[in-house]
Amino acid sequence: MELTLALRNDKLVGDFWGGLAAMLVALPSAIAFGVTIYAAIGPSYAGLGALAGILGATALGLVAPAFGGTNRLITAPCAPAAAVLSAFAIELVQHGVAAPSIVLMLTALGLVSGVVQLLLGFMGIGSLIKYIPFPVVSGYLTGVGLIIIGSQIPKFLGAPSGTSWWRTLISPELWQWQSALIGLVTAGVMLGAPLLTRVVPAAILGLLAGVLSYFGLASMDESLLLMEGNKMIIGPLGGTASSMLEAITGRWQEIGELKLSQIGSLLGTAFTLAVLLSIDTLKTAVVLDALTRGRHDSNRELVAQGLGNVASACAGGMPGAGQMGATLVNLASGGRTRVSGVVEGVLSLVAFLALGSFIAWIPVGALAGILIVVGIRMIDRHSLHLLESPWTLLDFMVIVAVVVVAVGYSLIAASGVGIALAMFLFIREQLSSTVIRRKLDGGSRYSKRVRLRHEMELLEAQGHQTAILELQGSLFFGTKDQLYTALEPELARRRFVVLDMRRVQSVDVTAVHLLSQIRDSLIERDAFLIFSSLSHVLPNGRNIAEFFDQMELTRMTEHVKVFPELDDAIEWIEDQILGQSPAQDPTVAALELNDLELFRDHKEETLIDLEACLERRTIDKGGKVYAFGDPGNELYLIRRGAVRITLPANGEASGHHALTYGRGDFFGGMAFLSQMTRFNDATALEETELFVLQREQFEKLREEHKRLACHLVEAVAKVLALRLRYSDKELMAMQE
């Protein structure tokens, strides 16, 4: 018992059982897909089609897992390959191409599509395929499902070869009731089997039911026991090693008959097939990642799939992809590594060699029943929910358009429509979202430079001179009109137009040309175009600042300014309005106590006692006035210079810039009044001279000059209240 438990837990044992279960699912489908493709050439090629399906399952199972990196992924012939190749074969038949040449063209198509997948993987396209919009993928899969169903209806009803599905449906006289009965039994068992057991795959049970139904009918009609000329069964495969070798070598003996022009004509179809197979594989890999908490390498997987399809073509098999059903069965049956995929390929080969005679008796109607169920399951019925909301109605129309083109014309055309619609969906999404995140008036947004009361009153009164626009998203030809509509009313009445680029994701030449026109319009009025947060690299790798400079948008004029942060831009504008120089003249005299705005209304003789309590202190440039955690027992008044207040921030050595105080202002008032510790740092931006009132001196002043101390506290409180008022105004403006 202990040995048995140990074996069950062993990875190799799990991979074996997983590979066996996956083979039982993949092999019947591979046979059905192969028959579908080659029966389009003629009934006599059905056996060759079954052989191609088996060889494809073998080659893909042996090669793709060996080079891929996704554990448990099962690669086998799939529905998209069957849809594209069968449509390709039918088109060649309609053009009168000889049957042997069609077989060679199918082989060459599989080979070229494998090479295309290799190129997609080496070029890194695998990481882009997953960005194809859901409506386009849904339309592809639904279209493939409907094509499979349509191609199987004549086989399901036993109609003569070459009869279209719609002609078959309206012509009951063409139906063969035995084939329809076998197909119904197969499909019914396949649909109902999961309700009874999940130990044996539903496709296997359905196929066995179809075979038993056929021999049940044969007991009443002995002609069904004859293999020669029997169109209801696959027919002889020649299930031996020698016949397999003949199938592989015989096909390539005539490959030289194909002309280079014929190979070139395959490129469009091969590209479509490669994309469909890649999407099918990567979709399965994504689902597998979600179930196993793993992560696949898309590009490596495409290379592995390309090698597998090249190997399958060289062996005479049909192409395939990572198959969802077989992969999930492998996972549920204990498969853990890539070995399970190899086991599936080996067992497919063993099944072919051992059961070749049995496979010849599989009814075509049973395979049609299996594929119709597969096709029905590929139809994305959940997309009907998109009709419930007007916001998703256009997405549903995209799905319908891809399906109509795929079914009514071809999957090749549908791929082109899908790419065009993917671009359309992207542009629509960009147009539906505004590029203007917020528009603010200059009177409701201030810099971090703390201004005196009369300065703030002037800035508030002159706020109409400035417009601040925070941009976001993509600035390109599709949003050009939206951007201009937002800027146009500002050009004639604003002196400063600020564009904050911090949230911009992309910029194209059309947008730059528009901004150049806006710049020229502002220059005519002696106004300024100001950019902030311009020097950053976009997701596409382009540097906005370098791009604007290259396009001569931000150079050769003094009327275009560029600042690293929005606060820097606003501070510059405030200095222009106030008539100040951004850099303070170091020769400016230090203020005396009665020159400070805080005490401007007090008589000089009343300030003598206060000045006696103050300490004069000089801080060198870059010196700390106080640090985070220091006791808040000092009030600072700036006689000359400037002080920068920063908050501690993770990842920022210098901290987060909160405020800047300048000449004539004070700071440290909140901690001083509340007698709490400092929650920020204060650093001198230049050589700074201060008046410092210590708490101990203030207590002394309060005892000796209560009225003066009361006036001091009142003055500090008024200024703090005024600052809070402006801060509240900014917050309210930013929430609008």
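Reader: Which residue in E14 is the bridge partner of Leu637?

Author: Phe666 in E14 is the bridge partner of Leu637. This is a predicted model, in which local features need pLDDT of at least 70, side-chain atom pairs count only at pLDDT 80 or more, and totals for chains, interfaces and linings use all residues. Residues are numbered from 1 along each chain as its sequence is written, and side-chain values use heavy atoms, with hydrogens and water left out.

Reader: What makes E11 and E14 a pair?

Author: Strands pair if DSSP finds at least two bridges between them; a strand is a DSSP run of E of at least two residues, numbered from the N terminus. Two bridges join E11 to E14 (residues 666-667), so E11 and E14 pair. They run antiparallel.

Reader: How many bridges join E11 to E16?

Author: Six bridges join E11 to E16 (residues 688-694), again in antiparallel fashion. Among the residues involved, Ile638 has Leu690 in E16 as its bridge partner.

Reader: Why is E11 called largely enclosed?

Author: Buried means under 20% relative accessible area, exposed over 50%, and partly exposed in between (1.4 Å probe, protein chains only). Seven of the seven residues of E11 (residues 634-640) are buried, so the strand is largely enclosed by the rest of the structure.

Reader: What is the order of the strands in the five-stranded open sheet?

Author: The order is E3-E5-E6-E7-E8, with mixed pairing.

Reader: Why are E3 and E8 said to stand at the edges?

Author: E3 (436-441) and E8 (560-563) each have a single partner strand, so one side of each is left without a neighbour in the sheet.

Conventions: Helix = DSSP H or I, 4+ residues; strand = E, 2+ residues; numbered from the N terminus.
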